[in-house]
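Have the structure open and follow along.

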Amino acid sequence: EEAESIADEARRALAQATVERHRSAGKKDWRAVAEERLQAFKDGGDVAALLEAHHLHAAHGDPAFAVAGAEELLMAAPNIRTIHLICEAAWRDGRYEVCAEWVKRWRSLSPIWAGSLAWLNVACLIHLDPLDAIAAANALLRDYPSASSTVLAMTASVRVGDLKAISVPGRRLLHEAGAESRPLLAGAQMVLVVDPELARTLWRAAMALEIPDELVGSALMLAYHLGEDQQTAPLMRRMQVLAAESRGGVRALSLQETLEYARSQSEQVVEILTKYHAGDLPIHGVAQVLGWTLAETFRLWPAANRTEKEGVRHRPLFVRFGGRSFPKGDLSGQSLKMDITAFLLAGDLELLDAVEEAYAPIGVSRLLAVALVEQQRRLGDAQPSRVEAYERLLALASGAKVTELSAELSAGEGPSEGGD
């Protein structure tokens, strides 16, 4: 009943799917239950049983089942709840084109429309055509305003790299009726680079609400990014509880497990760097595993190498992966596709204009803009308060106001009497 009473249609649909999952949690084999319901439909035409079977599959991580049976579903129950089940299943299965096609098909068949379908349409268009997604998101905000609609519209703008467009809807989140901590944290994450003050306000608003277990870690990291270290005590307590119970994606490690993990990571780093220096791994593969930022490797590394006279101190940056064959013949007049590493390298060498003049139009990933936004975000200080503390310590040291701890004191002898 509580799921049915949720005003936001997109959230209500997700809540209903969760209810279906919990209803079947106590049953030994949900697949057997789903088979029974399918058989009930085949034997007696029980449409409700058919829908329940598909809901069970979708709720237990098998959305492809509903996508495969979409035609049968719509024929048996041609209503908006059925089309929502089909579209949501396609979206969860990552089949965004299928989702968009079913939305388009429904609109051609029926004048009945709902905010949940409009939300799914935007969510799929974000992956297919970000520009169309922005137009659809504006309509979603106009016709079905809600916190989830606002976050989705902000996501659409981020996908095309339009960061200036997200501050206004970000402020709307502070006044959305029934706003929860989840959209507030999502909004704070998106505006972090362009409007840190708004991000801080959104984070504080979220902290005044209940933070779901799975978002405690994200809220904590966001606090560090925003310099809210002094306000993290409640989150730290939650993290300790979650770690003790291995919930919310958090797990406590013993000292031995921590040492073993550090050893394993160290060995992996050595192995990967050895392969990279030998030309056996491409830079983007290394960056993904080691947590490097491509913007750092293709912008900051070359800049540092140019100023460093000692070649031994240079960080090697290989322009082309040796495992990929080089195209033969004259490349002039041919189409060119650039991945993010080629884009960043051409930018560092100030060749983007020349490349565009020679090869326009250039093919780039539709995710290039959002990838650059994420690179910019990751280049920021993960914990500004620590940087400030280090800078203060260096300033005190340069003014001879702090000194290095002597060997005797570090060994535990303690300060002399009368010492501060």
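Asn-121 counts as buried, at 18% relative accessibility; here buried means under 20% relative accessible area, exposed means over 50%, and partly exposed lies in between, with a 1.4 Å probe and protein chains only. Please keep in mind that this is a predicted model, in which local features need pLDDT of at least 70 and side-chain atom pairs count only at pLDDT 80 or more, while totals for chains, interfaces and linings use all residues. Residues are numbered from 1 along each chain as its sequence is written, and side-chain values use heavy atoms, with hydrogens and water left out.

Asn-121 sits in helix α8; helices (H or I, at least four residues) and strands (E, at least two) are DSSP runs, numbered from the N terminus. Leaving aside neighbours within four places in sequence, Asn-121 is in contact (heavy atoms within 4.5 Å) with Val-103 and Ala-136.

Val-103 takes us to helix α7, where Cys-99, Ala-100, Trp-102, Val-103 and Trp-106 are buried. Viewed down the axis of α7, the buried residues fall within an arc of 160°, so they line one face of the helix; the arc is that of the directions from the helix axis to the C-beta atoms. On the face turned away from this buried side you will find the exposed residues Glu-97, Lys-104, Ser-108 and Leu-109. The cover over the buried residues of α7 includes α5 (70-76), α6 (80-92) and α8 (115-128).

The largest nonpolar core has 41 residues, of which Ile-83, Ile-86, Cys-87, Trp-102, Val-122 and Leu-152 touch the most other members. Such a core is a set of buried Ala, Val, Leu, Ile, Met, Phe, Trp, Tyr and Cys residues joined through side-chain atoms within 4.5 Å. Helix α8 gives the most to this core, with 9 residues. Not counting residues up to four places away in sequence, Val-122 touches Ala-133, Ala-136, Ala-137, Leu-140 and Leu-152. A second, separate core of 32 residues includes Leu-173, Leu-184, Leu-192 and Ala-243.

What about the cysteines? A search of the whole structure finds 0 disulfides, a disulfide being a pair of cysteine sulfur atoms within 2.5 Å. For Cys-87, the closest cysteine sulfur is in Cys-99, 4.6 Å away and so too far for a bond. Cys-87 is buried, at 0% relative accessibility, and Cys-124 is buried with a relative accessible area of 0%.

A few backbone details deserve a look too. Most residues other than glycine have a negative phi, and most peptide bonds are trans. Ser-246 has a positive phi of about 50° although it is not a glycine; this residue lies in the loop between α15 (233-245) and α16 (255-277) and is partly exposed, with a relative accessible area of 48%. Glu-350 has a positive phi near 60°, in the loop between α19 (340-348) and α20, and is exposed at 72% relative accessible area. A cis peptide bond, with omega about 0°, joins Ala-360 and Pro-361, and Pro-361 lies in the loop between α20 (352-359) and β2 (362-364).

Finally, step back to the whole protein. There are 23 helices and 2 strands, and of the 420 residues, 35% count as buried.
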